[in-house]
Amino acid sequence: LLTNPNELPDEFLVAYFEMITHTIGLNVMRKKVDQLSKRLVKMPLGVILHCIDAEIASSQPKLSYVRHLFESAVTKYNNEDVWLRYIKFELDFKHPEFATALHWRAVRALKNSESFSRRYDLLK
């Protein structure tokens, strides 16, 4: 199906992973994400966020896998919204020390750290 995934629209890949998640399950989704990430120049942010949301919504989320996905997203996209989602994830799962470390990493990485810091203050 995915002979050259770099040529496919991001929306197709997101729909593909949504279908896998809802019809086959998380284990297959994880496997397919890992396989595809080796073939793609850059995993679409929508795919990463879908996988994060699916993992968190599961009855037993693999926190290390969610962190792996978030790390991929912040490394490749350095997006304020993604940083804040990552921090909120750590706060929701009772890891304030990780959230604090992520805050400082984001401040150093983002161009507009004032905007980020204002939004971060609202999370606390």
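This is a predicted model: local features need pLDDT of at least 70, side-chain atom pairs count only at pLDDT 80 or more; totals for chains, interfaces and linings use all residues.
R119 pairs with E80 in a salt bridge whose closest N and O atoms lie 2.8 Å apart. The two residues bring together distant parts of the chain, with R119 in helix α7 (residues 113-123) and E80 in helix α5 (residues 80-92), 39 residues apart. E80 has a relative accessibility of 17%, and because buried means under 20% relative accessible area, E80 counts as buried. Salt bridges that share partners also draw in D81, so that E80, D81 and R119 form one network.

A second pair can be followed between helices α4 and α6. Here R105 forms a salt bridge with E71, and 2.8 Å separates the closest N and O atoms. R105 belongs to helix α6 (residues 96-109) and E71 to helix α4 (residues 63-77), so this link again spans distant parts of the chain, the partners being 34 residues apart. Both ends are partly exposed: R105 has a relative accessibility of 30%, and E71 has a relative accessible area of 25%.

Within helix α5, K88 and D92 are 4 residues apart, which means that about one helical turn separates them. They form a salt bridge too, with the closest N and O atoms 2.9 Å apart. K88 is partly exposed at 39% relative accessibility, and D92 is likewise partly exposed at 44%. As a general point, side chains of opposite charge can pair when their charged atoms come close. Over the whole structure, a search finds 7 salt bridges. The protein carries 18 positive and 15 negative side chains, and the centres of these two sets lie 4 Å apart.

Stepping back to the overall fold, the protein contains 7 helices and 0 strands, and its elements run α-α-α-α-α-α-α from the N terminus on. The radius of gyration is 15 Å, which agrees with the value near 14 Å that a compact globule of 124 residues would have. Along the principal axes, the C-alpha trace spans about 45 × 30 × 20 Å. Of the contacts with a separation of 6 or more, 54% are between residues 24 or more positions apart.

Finally, the surface can be considered. Buried residues account for 42% of the 124 residues. The accessible surface of the protein comes to about 7400 Å², and carbon and sulfur atoms contribute 54% of that area.

Note on methods: Residues are numbered from 1 along each chain as its sequence is written. Side-chain values use heavy atoms; hydrogens and water are left out. The radius of gyration is taken over C-alpha atoms; the globule rule is 2.2 Å times the number of residues to the power 0.38. Buried means under 20% relative accessible area, exposed over 50%, partly exposed in between (1.4 Å probe, protein chains only). Contact means heavy atoms within 4.5 Å. Accessible areas come from the Shrake-Rupley method with a 1.4 Å probe; for residues, only the protein chains shown count as cover. Lys and Arg count as positive and Asp and Glu as negative; His and the chain ends are not counted. The place of a charge is taken as NZ of Lys, CZ of Arg, CG of Asp or CD of Glu. A salt bridge is a side-chain nitrogen of Lys or Arg within 4 Å of a carboxyl oxygen of Asp or Glu.
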